[in-house]
Amino acid sequence: MLIEGFAGLVWLLYLAMLVLAVAALVMAALFRDDAYRAADKQNKGFWLIILGVTVAVNLLVPMLFLQLAGLVATIVFFVDVRPALRQIGGGGGWGGRRGGSSSDGPYGPYNGGR
């Protein structure tokens, strides 16, 4: 009974790693290529390859070491690259600006000191 519960927990861990890797891959694809350069991060192709390999490893290769290496890459994307790209505003969907004009500041529209 305990072994079955542990096996279920490990399976959920694998599933969570796969879902995170797929989400990171989709988010990386949505950002523009020039946003990666502007944020001084690796280029878009690099992150698409790394995250694509991570998804493939999670789906096809049941080796925990490789999956953990992919998890590290996914975490780096989420905590370092994605916030920098969002500051630049270089994408659609999950990554870009959410409306407003180019003169909007953090607290609303900028009116030039009037």
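Asp80 and Lys41 meet through their side chains in a salt bridge, 3.1 Å from N to O; the term requires a side-chain nitrogen of Lys or Arg within 4 Å of a carboxyl oxygen of Asp or Glu. This pair links distant parts of the chain, 39 residues apart: Asp80 belongs to helix 4 (residues 64-88), while Lys41 sits in the loop between helix 2 and helix 3 (44-60). Helices here are DSSP runs of H or I with at least four residues, numbered from the N terminus. Asp80 is partly exposed at a relative accessible area of 37%, and Lys41 is partly exposed at 25%. On this scale buried means under 20% relative accessible area, exposed means over 50%, and partly exposed lies in between, with a 1.4 Å probe and protein chains only.

The model is a predicted one, in which local features need pLDDT of at least 70 and side-chain atom pairs count only at pLDDT 80 or more, while totals for chains, interfaces and linings use all residues. Residues are numbered from 1 along each chain as its sequence is written, and side-chain values use heavy atoms, with hydrogens and water left out.

Side chains of opposite charge can pair when their charged atoms come close. The whole structure holds three salt bridges. One of them joins Asp33 to Arg37, with the closest N and O atoms 3.1 Å apart. Both residues lie in helix 2 (residues 33-38), four residues apart, which is about one turn of the helix. Asp33 is partly exposed at 35% relative accessibility, whereas Arg37 counts as exposed at 55%. Another salt bridge connects Asp34 with Arg32, where the closest N and O atoms are 3.0 Å apart. Asp34 has a relative accessible area of 35% and is therefore partly exposed; Arg32, at 44%, is also partly exposed.

The next feature is nonpolar. Trp11, Leu12, Leu15 and Val19 make a surface patch of about 410 Å². Such patches take residues with over 30% relative accessible area and no salt bridge, joining nonpolar side chains (Val, Leu, Ile, Met, Phe, Trp, Tyr) within 5 Å and like charges within 9 Å. The areas come from the Shrake-Rupley method with a 1.4 Å probe, and for residues only the protein chains shown count as cover.

Asn58, in helix 3, is buried, because its relative accessibility is 13%. Leaving aside residues up to four places away in sequence, Asn58 touches Met17, Leu18, Ala21 and Gln67, where contact means heavy atoms within 4.5 Å.

Note on methods:
Helix = DSSP H or I, 4+ residues; strand = E, 2+ residues; numbered from the N terminus.
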